[in-house]
Amino acid sequence: MLKKGLKKLISRNAPRWLVLIIDIYIVTNTFFLAYFIRFNFTLNFDKSALFVQLPYVITAALVSFLVVGSYKGIIRHTGIKDAIHIFLANMLMLALLGGLVILNRNFNISSKFTIPLSILVIHFLLNTIALITSRYLFKEIYSYLISDIKSNKRILIYGAGDAGLLTYSVLREDKENDIQVVGFIDDNDKKTGKQINGLKVYELKNITSKFVFEKKIDEIIISIQKVKPLRLIEIVDRLSVLSVKVKIVPPVKNWIENKLKPQQIKSVHIEDLLGRDPIALDNSILKKEFNNKVVLITGAAGSIGSEIARQVASFNYQKLILIDQSESELYNLQQYFIHKKIHSITAIVADIRNKKRIEGIVQKYQPTIIFHAAAYKHVPLMEDNPYEAVRVNVMGTKIMADLAIKYAVEKFVMVSTDKAVNPTNVMGATKRIAEMYINAVNKKGKTKFITTRFGNVLGSNGSVIPIFQSQIKNGGPLTVTHKEITRYFMTIPEACQLVLEAGAMGNGGEIFVFDMGESIKIYDLALNMIRLSGLKYPEDIDIQISGLRPGEKIKEELLGNGENTTATYHDKIMIARVKKVDSIMVTQQVNELCNFNNELNFELTVIKMKEIVPEFISNNSKYEMLDNVINEE
């Protein structure tokens, strides 16, 4: 009850009149102290004169404080501005008293009011020190009392640099949340073992389960702005095994109005552990690229297509045409733009396999740029349904490319995948054939055909992250196909920025690939997701090895056999130097494949695909036997 009452009492702001009275009281005492110092710490001065002068000093102080308003600041939030206000008030007080003393000397108004100017200077210095110190002292006492009373969260801050200290200040100023900073963690040997703001700096190796238990640590906040991504993975991996929540301070560019807010400190997400620095693109180039252009996007309702649409919508385009066969998702995207009051957007339900329907749309809207994101992408499903894979990924791409040439579209940007490199499955092979066709028709008209090739996208529909999240929600286990399986990852916004940048820099015929850093083991990803969910492996959630799925690789590649890269003006984006294709032959083979596919003979379709793409070697698939047939021939 007493604690509750005390907490309520000190949580209130001190009345301004009380602050003013305390300041006057301090000024009165420092005036006496100034005399004491001036006369060599003795009382050998006229005390009666001091008492005559004191009312004038109090009046001058009162006027100064009222004029400057130094008493109006909230003591618990005392900062540099408050110190400046106190300094200005003291300067005004010195000027007023100095003026009175000079007037008194010239006109001999009162013999008792002859204050030595040295005392006024000493009084000014004492006032400045005492008033500012008292503010900060009261602030510290308040922080100590409130932290002692509250049943607060006890946290450690990882990072004793500028970012860590800023986080510490923000958390201390946040009185809405019950937070107590216990100390810092840092990798710098020069800092560890020392104290910052009275808090000890610990080495990471000392942060054990026993330490966390004894210090009653609830959370560890990572506050390092320039941490190497791989180092961040190591830190999170080390901390996530402890019984604490691990949170992270966002990059400076994401702060609200360039200020860090406590609510921006979030739990670590798997996107934070990509293993590389996020891509940064030149927005000025993109602004010029899309200025007053008609942009058409296929697969616009999908993860990639919808994000491309959102990003293009931020530029000064003329019209944005969104095509998808998924009615519900396209409707949701349309409603998003309506809600955002973004105009000149047309959503069309259409299937890229229907040439007549698509031609009508292209003819009507005359797009300047086409982003072709429509595709089937799930490896196991396409392994069982090669007919659909060819119809959408090959024939659909062919229809869109042919129409782009016919209607003189300026640029055609296709979204491809790392699974097109040395494909081991039907889906990857269809995407490689689509790449080859795009390359083959590049010089048949005015259209510049450009391809972007990247790895797995975090959070896209059906990707590993949402699957793991769903499995964790349902109590597990998390299913991993192979303990050594690795994948390259990027976020949806990054993937789409790459596509936009490729469209801007491409001159036709290029396949753009992205420096995606180190590939990540899916097994480690699963472990991190379990730990970041506040659960333990294997006690709370287990991991089950299910075996490779049909057509699945253990390691993906971004470049095929015989391919290398050339640099672009962006150090994270490169152009794959692919083998030259015979345009006439590829066009003929693609036409034949589409005709073979119509016969609904899956084996004949896959054999034809293997003829077009000799590096297509099936793995863990029922079509492996076809490789032997082709080799024997």
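Two strands count as paired if DSSP finds at least two bridges between them; helices (H or I, at least four residues) and strands (E, at least two) are DSSP runs, numbered from the N terminus. This is a predicted model, where local features need pLDDT of at least 70 and side-chain atom pairs count only at pLDDT 80 or more, while totals for chains, interfaces and linings use all residues. Residues are numbered from 1 along each chain as its sequence is written, and side-chain values use heavy atoms, leaving out hydrogens and water.

Let us begin with the sheet. Its 7 strands form an open sheet with mixed pairing, in the order β3-β4-β2-β1-β5-β6-β7. β3 (195-196) and β7 (266-267) are at the edges with a single partner strand each, so one side of each has no neighbour in the sheet. Strands β2 and β4 pair in the parallel sense over 2 bridges, and F184 stands opposite V201 in β4.

Helix α6 lies across β1, β2, β3, β4 and β5, at about 170° to β2. Axes are lines fitted to C-alpha atoms, for helices over the stretch in contact (heavy atoms within 4.5 Å), and angles run from 0 to 180 degrees between N-to-C directions.

Now for a pair of helices, α15 and α19, which pack at about 135° with axes 9 Å apart. The contact is made by these residues:

| Helix | Range | Contact residues |
|---|---|---|
| α15 | residues 426-440 | I433, M436, Y437 and A440 |
| α19 | residues 583-597 | S583, V586, T587, V590 and L593 |
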